[in-house]
Structure formats: structure tokens, C-alpha cells
Amino acid sequence: MRALVLLAACVPLAAQWIHYPTPGIPRTPDGKPNLSAPAPKTADGKPDLNGIWVSADVKYLNDLTAAGVDIPMQPWARALYNQRKEAMGKGRPSERCLTRGVVDFDTIPMNIKFVQTPTEIAVLYEEYNHFRQIMMDGRPLPKPTQPAYLGYSVGHWEGDTLVVDTTGFNDLDWLDNNGHPQTESMHVTERFHRRDFGHMDLKITIDDQKAYTKPWTVTVAGFNLLPDEELIENICENEKDYTHLVGK
Amino acid sequence: MQILKSIVNCAALLSVAFAPLSAQWIHYPTPGIPRTADGKPNLSAPAPKTADGKPDLSGVWTAQGTKYFFNLTADGVEAPFLPSAAALYKQRLAQLQKGHPSERCIGHGVTDYATLPAPRRFIQTPQMIAVLYESYNHYRQIFLDGRSLPKLTQPAYMGYSVGHWDGDTLVVDSSGFDDKGWLDMNGHPQTETTHITERYHRRDFGHMDLQLIIEDPNAYAKPWGVNLVLDYFADEDMIENLCENERDYSHLVVKGKEESK
């Protein structure tokens, strides 16, 4: 039942993506995108992550520990987690149409687009029409001035893997629908690896010692490429209804 | 007096809406930009080009002042309203902008994001330009790969945009709008047949001329628009600015009620 509520939240009922054959992608003889072709490279020899991607499974959005990872929660974090889970997700920021954080945007099976230049990667989220910037120009993480849902992200290449470090989070967002907490001291590391043309693996490490006794890592579902379609506008307009959602 | 009051109300409302009180942009010297001998950004240096020889519009930009954001016809040009649009405009003006989508934290459209004096970043590749708006944390895509405007499937606040180069000018055509957005805070209407043309010309490193042209056979008798200038916003980066006051906005007072307080 909760899954139904969430789907209503995420996808306009009449949603229809804008079909447009993606130019320049590898195709099989019958014209279909060849999703097992090699991953492309940019002009400067880096992996090219450009494209529209969608999380391969919803289970990590619901629960980051879906694969059985043991998360070492501090006692207060455990209590808050239990309370949120008991309330069936009532109270999370998305019910006021606010937004998500990097972790739940990474695991929600909705379209995201990577726009990659040598100095920056912009991630365009279909949901909420929000975006995130990953600075690739070698700058360090700044001292946080104003805690934010999406924090501040810098990335670098380790071989063919994009490693993104993010800090500057607020303590308002939830890491998943179950309600794993975060604090302003959280540091998230994401490791994106485009395995072939149509698939990207993602490993996420959460280091937040105020909430968890030690850093923990989850290999989430990763992403499938969505060729031949374009993002549609999906601005959250049901903020008036959300506060009437029932908890348990 | 009423107009002044409207502006004051709006200014107060807007400062809440698009700049957190404690806003502090993230200072970081923009790498690779031309600088004068004293290290300051050289805003009158020549406009840069991309590797493929096109004007490079990349960077953070902001509009000068708020006047066109409030009123696209601030310079005295009259919008050539059709009667239905004139009536709606008059009503919105009389209501002191009550009912603007931003009061529900919905966001802006192409023209009011263009005229908003808040930072927005252009990220340019040969195939597209993504525009990232600080305000509401929204973005917009402009496709440069030669595709045509699609047949409208779902009307949207930001519509669908394709661009091409006319010499050194980027010409962007947008359609697919809904009729819920307002072209400015005063309430110039748009409909699902609105077509917006933007002409961007980066005059030098620090300045970009922008011509906005609005066409809509269901609202205006002929095309009309405004010319404005965007300034390069060096050495700062945008901060997250989500609209969180949607609960308060619907309680904003309208004309009449306020006087009785």
C-alpha cells in the first residue's frame, strides 16, 4: 500500500516520456540500442557517463539495507529509525514536496540525466525538476556554510570509476523510505562505474559517526540506460495533499 | 501609492522566496577566467569560444535588477493584449499577484527565470545547454542537436526548448507551455499556444544580451518582448535554495484585507 502511495507521488498519472531517438548511440542491426556495447569515452579519454539513467530496482530506495547489510546505528539513530518506520514514512521531506538527498535520488527508479563536461557533471533529476552539481575541476570540499539536502559534491576519476565525495548535508533528509537518519556530519562517497553501454554500477559509503558507529557501504542496484526517451517536467504539486496522508 | 505598495509587498515576499536570509554564496575563484592585473575578473575581455568554434555561454549569470521580473513592460511598451488576456492581467494586478504559482513553491517559467536577479548556471555541450537555476533548485534543457520542437504531449511550466546558432547568437525556441505560469510577477498571461524566442548574445566576457520575444495567438495580437542584460557572476557558486514556505504562502493577504488590519 505504501508503495502505491509513493508511486502516485513520483509519477504523474498521464506521464508519457518524449520519444526521440538518441543520436549517436551504438545499435544492433535491427536498430535497437546495443546496451552491451562497450562504455564510451569522452574526447579527453575519461568514461563518458552522459545519458539518461534509471535505478534498476526500487528495493534500496525502500531500505538501504535490503541486501542484508548490518548498519551500526547509534542508539538515538536506532530510536528515530524505529519511530519513522513505525509511522510508515509519515513526516519525510518529500511529503511537503521538498526534495530528496543524493542517496535516495541514487536509488529511486526514476529518470536522471548526467550532463558531463571536463569540469563539471550536472545531474538532472526528473523528479521535482531538481538538479545536483558535481565539481570535477579539482577544487576541495568547501567548509559548509549552509546545510543542504543535496550537499556539495566534488568528483575525481580513479581509473574508470567516478568517485564523488559529498558533505554539507542537513539533518532533515532520510536516506531511504524506511527512515535511516543522517546528520550534518555525514560524508557520502559514491563510486560510479559504467560497466558497458547500458549499465552503471554504484557503490555508496555512508560515513556519519554521529548516527552510525562506523562507516558502512552498500552496493545498490545501479542504473540502466534509458535510450530514445527524454525527461519530462515533473514538478511536485501535491504538497497540499501530502500532509493529510495517514501514518499508522 | 497602490503600485508602490504592491512593489513593497512583492519585494518583501520575494526576498523570502528566493534568498534565504542567511544566504552566503560559496566563494571559489572561477578557474580559467580572464583576470586583470589586480586579479579581478576581467569582465570586458572577449567572449570565449568552445572547441568547435561556437560562443561559449558556460558560467554563472544573473539578471540586472528586478524590474522586468516584476513587469516585462517596465520600459513602457504595452503588451498587445487580446481582450481575454487583458482582463486576466487586470485581475491579477488588482489582486497584488495573489495566485502566482510561486506562492505554492511551484517555481517559474522561461521568462521569469530569465529576468530573475538570482544566479543561474549555463552548462554547455555541443548537444545541449542545461540551465541550472539557484531559485527552487530547478533546471531547464535546451537541445542543440538539431531536433525539432515535439508535438506537445504534456503542457509544462518550462516547456520544451531547442536552440540553434545564428552567427554568434544562440536562438532558443520554446513551446509546450501550460497556461498556469505567469510571464512576470505582474501576471502577463501565457497559454498552451505560447511560443517564446530567446536570443542570447555574449557581448564580452562579462555581459550577455538577451532578447525575449513572446508570441501567442490566443493572448496577444502580435509578438512583443523585452531586451535585457545578464551579468557574469564570477568567483561564486550557487547555493541550494529550496522553497519551503509553501505552507505560509496561501495565507498571504490580498488587497483590501490588509487595510482592515
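Analyst: Start with three residues. In α3(A), the buried ones are A:A77, A:Y81 and A:R84. Where do they sit around the axis? They cover an arc of only 65°, so they are on the same side of α3(A). One caution before going on: this is a predicted model.

Now turn to the other side of α3(A). There you find exposed residues: A:P75, A:W76, A:A79, A:Q83 and A:E86. So the helix has a buried side, with A:A77, A:Y81 and A:R84, and across from it an exposed one, with A:W76 and A:E86 among its residues.

Next, the length. Helix α3 of chain A runs over residues 75–86, which makes 12 residues. From first C-alpha to last it reaches 16 Å. At 1.5 Å a residue, the expected span is close to that, at 16 Å.

What comes just after the helix? A:M88 does, and its phi is positive, about 55°.

Chain B has a helix to set beside this one. Its α3 covers residues 83–94 and has 12 residues. At 1.5 Å a residue these should span 16 Å, and the end C-alpha atoms are 16 Å apart, so the two values agree. Buried in α3(B) are B:A85, B:Y89 and B:R92. Looking down the axis, the buried residues of α3(B) fall within an arc of 65°, which means they line one face of the helix. The face turned away from that buried side carries B:P83, B:S84, B:A87, B:K90 and B:Q91, which are exposed. After α3(B) comes B:L96, with a positive phi near 55°.

Step back to the whole chains. Chain A contains five helices and 12 strands. It has 248 residues, and 36% of them count as buried. Take contacts in chain A between residues at least 6 apart in sequence: 62% of these join residues at least 24 apart. Chain B has five helices and 11 strands. Of its 261 residues, 39% count as buried. For chain B, 63% of contacts between residues at least 6 apart in sequence join residues at least 24 apart.

The two chains also touch. Chain A puts 31 residues into the contact, and chain B puts in 30 residues. On the chain A side, β4 (120–125) and β5 (131–135) each supply at least two residues. β4(A) gives the most to that side, with three residues. By type, the residues on the side of chain A that touches chain B divide into 16 nonpolar, eight polar and seven charged.

Last, look at the loop between β4 and β5 of chain A. A:Y128 lies in this loop. Its phi is near 70°, a positive value in a residue other than glycine. A:N129 is in the loop between β4 and β5 too. The phi of A:N129 is also positive, near 60°, and again the residue is not glycine. A:Y128 has 22 other C-beta atoms within 10 Å, so it is buried. A:N129 has 25 within 10 Å, so A:N129 is buried as well.

Conventions
Residues are numbered from 1 along each chain as its sequence is written. Chains are lettered from A and ligands numbered from 1 in the order in which they are written. This is a predicted model: local features need pLDDT of at least 70, side-chain atom pairs count only at pLDDT 80 or more; totals for chains, interfaces and linings use all residues. Two residues are in contact if their C-beta atoms, placed from the backbone, lie within 7 Å. Helices (H or I, at least four residues) and strands (E, at least two) are DSSP runs, numbered from the N terminus. Ala, Val, Leu, Ile, Met, Phe, Trp, Tyr, Cys and Pro count as nonpolar, Asp, Glu, Lys and Arg as charged, and the others, Gly among them, as polar. A residue is buried if 20 or more other C-beta atoms lie within 10 Å of its own, exposed if 12 or fewer, and partly exposed in between; C-beta atoms are placed from the backbone. The expected span of a helix is 1.5 Å times one less than its number of residues. The arc is that of the directions from the helix axis to the C-beta atoms.
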